[in-house]
Amino acid sequence: MKVLKFGGTSVANSDSLEKVTSIISNQSEKIIVVVSALGGVTDLLFKSMQKALNGDETFSSEIEIIEEKHLELIKKSIKIINHSKIISYLKKILNQLETTLDGIIALRELTPKTISKIYSYGEILSSKIILEILKENELDVVLLDSRNIIITENKNNKDIVDWKKTSNKTNLYFEKINSNITLLPGFISSNSKGETTTLGRGGSDYTASIIANILNVKILEIWTDVSGMFTANPKIVNQATPIAKLSYLEAMELSHFGAKVIFPPTLQPLVEKNIPAIIKNTFKPNDPGTLIDSKSSIKNNQVVKGISHIDDVALVSLEGSGMIGIPGFSKRLFEVLFRENINVIMITQASSEQSICIAVNSIDSDLAKKEIDSEFEFEISLNKVNPTSLEKGLVNIAMVGDKMKDHQGISGKMFSSLGYNNVNIRAIAQGASERNISIIIKKQDCHKALNTLHEVFFEKNIKEINLFIIGVGNVGSKLLEQIEKQVDYLNEFLQLRIRVISIANSKKMILSNNSININDWRILLESGESNNLNKFYKHAKQLNLRNSIFIDNTASKIISLEYERYLNSNIGVVTCNKIACADTLENYLSLKKSSRKYGSPFLFETNVGAGLPIIDTLNNLIASGDQIIEIEAVLSGSLNFIFNNFSKDISFHEIVLKAKKEGYTEPDPKIDLSGIDVARKILILARESGLDLELNDIEIKPFLPEQCLKIKDIDSFFKSLIDYEDEFNKPLESAIKNKSRLKYVAQLKNGKAKVGLQEIAIGHNFYELEGSDNIILFYTNRYSEQPLIVKGAGAGAEVTASGIFADIIRIGKR
Ligand code: ADP
Ligand code: ASP
Ligand code: MG
């Protein structure tokens, strides 16, 4: 014999009942079936009681929904000829419900007795209807009212099972039953006076396990809407997977700490008789589910079995010097909580015994504070103890596994991964059994913390990176293209899961909660909402996803002003926009500081030499103890293009025009030609080398006449290049005469930086530089004779995008 329990999610409507009927029909032995109320009905009953208690007569709308749910099931699943008798039963129960609710309104009183009475209607109705459905399927079934066999007694204002009476009655009833299937409503029971009681919300699981224990059945099957106990709540952690096997103790810890799929007291009766339980999915009956029995086992080195959490807890802390060494202090504290029936989720006590901190459910916390303060009134009046402090809006997260105690480093890994993601831990407790490490954190960090821990402990080191991208012009669109192509590769070979969550251009934005389908970004953006930088930021902050990165593909000052608040919210920043790092030293240092303080990476490799690994190389040299002696570089792709092509056959004006047309210059070519752009780049390298320089400190030797630089309008500027033709021909002629080439060079030496046009002689590393290539020579202590050279394409959307991509991957690999 075995017991099958079908939860509210499995008996929600006619489709799900079809699955239930098929599972029951496939059984080849005698079975006991325990059913919950139709999905959502117990919640509706709760709501109607609350309304009535508050004098709100609109509870009739809840009754209507309850009626509709049942009527729909009856109409779809039961033959018409049987409708009248079952519908009149439904009406009778609903009338009773209405009369009881009217009574509550009149008296403004809701006693535990009435609560149980009202709650019981859900299971009474569901079992009656399901009986009819099973009978119509020609199954040999009888209905047994659980209130006749499950008897409770009241202890400390709580209805608890009277095992002796329940055992006697259950055995007696089942001796008489000959049918193949015995159907029972879960959750409901009665006391010795015959009044209806209940076993607590979610208690149908318990009904099933009580019967399983007393009749000593082979197995208890819990049929629900998920394929077992998951590694974490699947509604919050998308990557969670069913756990194949748990020990009783592991399952108990997980359910006690919030894994709702099984009601916490359910396992105790099974342990006693060593009856296994299996959690199965009604909608996917072939999935293996989770087996729970006495054995603890480890597969694939998976020591941590699951992570569960309790949503709404509060910390109650009692502190004071008077607590030290006073015996019986904790005893008094816990007696208060016991007396008030307050469930303690977690306890931590400082070793100095100066403070004790307990976590309780938020709804109990005000009462807990009031009662503890009144218990310690005398000590508080003597200032030996402070009044209890109360902190709400917290969650408890527990990591569970029988063998955690035999493995070192689990808590270290847990805390460091949370710390890296800026999740602040308010309290920690590790049970003496070391089967469980529990932490208390702020509610807003819950999603991030669960996903981070899940990633670290269950996902073969897969790391998720969440991107919030601003700017989808040349560079941005190339970046999206590259990401799209590489997603699978990164997943497989680097264990990185890159997700684009939000995209914005200067007009529109898409704020998604999940990964955007990159293929469709253009269409989605077109129909997106109006761009709003505040909203974009708030969205990223509020989602609070781990490894979030804000990506700036623009050249806008306004966007560069956004970085600080992202970094302060533990969101990394990757940018090809030079403005922030080349702005005031104060601003640069402040961004670097925020990055360190909040653990938010700030990477801008593409600020110098597009995709070339220049800043990374510099950082690695310094980090490994080398010292920079000199940096010499050609860093402007546009100026290179111009001077490499500038010859006697083509005028300066024509070549600048060509450079602009082919996309080598900034929209305003003056930024390149003035040398400012190169000055900014060497400034960034100087700062990254540890020098506190401002842009003013960079010596810029201009080659454009001042008058040209003053012209605002771009067309007039181009005209002026014709007017000053001679000015440009002079350096060219000199270079040709000296068998040299013109290059725009940046230099950093002895703490000083300068940029300017230079004649480069044959044999120099810069002489052969082609097209728009960049080159950089690092002379260091280690590379003193021969410099470390980085050379290659230093401009263009494709390589800039790949440089940004490389920064994203750098963050992913950290
Ligand atoms: P039933 O109506 O069948 O009793 P419940 O709603 O009580 O079902 O429990 C099943 C739900 O528990 C799942 O739908 C899931 O959302 C939630 N849940 C929370 N944590 C877990 C977990 N660790 N594993 C599986 N389900 C979980
Ligand atoms: N119907 C009850 C509830 O929702 C009992 C159960 O479903 O287990 O709490
Ligand atoms: Mg349940």
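This is a predicted model: local features need pLDDT of at least 70, side-chain atom pairs count only at pLDDT 80 or more; totals for chains, interfaces and linings use all residues.

User: Which residue does Arg 810 form a salt bridge with?

Analyst: To call a salt bridge, look for a side-chain nitrogen of Lys or Arg within 4 Å of a carboxyl oxygen of Asp or Glu. Here Arg 810 pairs with Asp 616, and their closest N and O atoms are 3.5 Å apart. Then check where the partners sit: Arg 810 is in helix H30 (residues 797–813) and Asp 616 in helix H22 (residues 615–623), so the bridge ties together parts 194 residues apart in sequence.

User: Where do Glu 768 and Arg 741 lie?

Analyst: Start with the contact itself: the two side chains meet in a salt bridge at 3.8 Å, N to O. Glu 768 belongs to the loop between strand S29 (752–761) and strand S30 (773–780), while Arg 741 is in strand S28 (residues 740–749), so this pair ties together parts that are 27 residues apart in sequence. Glu 768 is partly exposed, its relative accessible area being 47%. Arg 741, at 34% relative accessibility, counts as partly exposed too.

User: Which residues do salt bridges with shared partners join into one network?

Analyst: That's Glu 455, Glu 459, Glu 464, Arg 497, Arg 499 and Arg 546.

User: How many salt bridges does the count come to?

Analyst: It comes to 45 salt bridges. Asp 43 is partly exposed at 45% relative accessible area, and Arg 201 is partly exposed at 42%.

User: What surrounds ligand 2?

Analyst: Arg 201 turns up again, along with Ser 36, Thr 42, Glu 123, Phe 187, Gly 202, Gly 203 and Ser 204. Sorted by type, that shell has 1 nonpolar, 5 polar and 2 charged residues. A polar side-chain atom of Arg 201 is 2.6 Å from an oxygen atom of ligand 2. Gly 202 uses a backbone N or O atom, 2.7 Å from an oxygen of the ligand, and a polar backbone atom of Gly 203 is 3.4 Å from a ligand oxygen. The protein covers 86% of the 260 Å² of accessible area that ligand 2 has on its own.

User: And how many residues surround ligand 1?

Analyst: There are 17, the closest being Thr 224, Asp 225, Phe 230, Lys 235 and Lys 260. The shell splits into 7 nonpolar, 6 polar and 4 charged residues. Side chains supply these contacts to ligand oxygens: Thr 224 has an N or O atom at 2.7 Å, Lys 235 a polar atom at 2.8 Å, and Lys 5 a polar atom at 3.2 Å. For ligand 1, the protein covers 90% of the 570 Å² of accessible area that the ligand has on its own.

Technical notes: Residues are numbered from 1 along each chain as its sequence is written. Chains are lettered from A and ligands numbered from 1 in the order in which they are written. Side-chain values use heavy atoms; hydrogens and water are left out. A residue is near a molecule or strand if one of its heavy atoms lies within 4 Å of it. A polar contact is a pair of N or O atoms within 3.5 Å; within protein, one must be able to donate a hydrogen and the other to accept it, and residues adjacent in sequence count only if both atoms are side-chain atoms. Accessible areas come from the Shrake-Rupley method with a 1.4 Å probe; for residues, only the protein chains shown count as cover. Ala, Val, Leu, Ile, Met, Phe, Trp, Tyr, Cys and Pro count as nonpolar, Asp, Glu, Lys and Arg as charged, and the others, Gly among them, as polar. Buried means under 20% relative accessible area, exposed over 50%, partly exposed in between (1.4 Å probe, protein chains only). Helices (H or I, at least four residues) and strands (E, at least two) are DSSP runs, numbered from the N terminus.
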